[in-house]
Amino acid sequence: MLCLVTSRLPARMWGRTLEKQLWRNSSQTPPPCLIQRLDHIVMTVKSIQDTIMFYSKILGMEAVTFQGNRKALCFGHQKFNLHEMGKEFEPKAANPVPGSLDICLITDMPLEKMVWHLKACDVPIEEGPVPRTGAKGPIMSIYFRDPDRNLIEVSNYSSS
């Protein structure tokens, strides 16, 4: 059950006035998680062409065109929708800027092979392989940056 708590005063949140919501102070028991999975993330980029080239060549993502001439990078059951800086689609994030993403992507490829591939493509590795904690347990990770300087972490789950 979703919680909507009434209040006497409107609250100014996220740039809009949302009347009579006091979810912050609710004493109601939270529901079980209502979210199943991530579908897509919107990346604001300097150059859609450069971004597609990098992610398709370096990480093997598939570039697709949808809804006219919009672009996305598909992988697994997810995708990155691409917005070019200054030409974003509405609605959009409050402050969409290239280089603000810090994301962890999971691979089945052994990280040693990923390191070799990145080096062969002249992509500098900033850190790793190093142990980290993923959403489902221990992972090994390497870090590098895309053309917009987003921090990309590629990881795999440690075998037990």
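These notebook entries follow my look-up of salt bridges in a predicted model.

**Entry 1, overall search.** I began with the structure as a whole, where the search returned 6 salt bridges. I kept in mind that side chains of opposite charge can pair when their charged atoms come close.

I then looked up Lys-92, which pairs with Glu-90 in a salt bridge whose closest N and O atoms lie 2.6 Å apart.

Next I turned to Glu-126, whose side chain meets that of Arg-145 in a salt bridge with an N to O distance of 2.6 Å. The two residues are 19 apart and join distant parts of the chain, with Glu-126 in strand 8 (residues 125-134) and Arg-145 in strand 9 (residues 137-145). I noted that Glu-126 is partly exposed at 44% relative accessible area, and that Arg-145 is also partly exposed, at 25%.

I asked myself which side chain Arg-149 meets in a salt bridge. It is that of Glu-126, at 3.9 Å from N to O. Here too distant parts of the chain are linked, since Arg-149 sits in the loop between strand 9 and strand 10 (151-157) and Glu-126 in strand 8, 23 residues apart.

Terms used: Residues numbered from 1 in each chain as written. Predicted model: local features only at pLDDT ≥ 70, side-chain atom pairs only at ≥ 80, totals over all residues. Heavy atoms only, no water. Salt bridge = Lys/Arg side-chain N within 4 Å of Asp/Glu carboxyl O. Helix = DSSP H or I, 4+ residues; strand = E, 2+ residues; numbered from the N terminus. Buried < 20%, exposed > 50% of the residue type's maximum accessible area, 1.4 Å probe, protein only.
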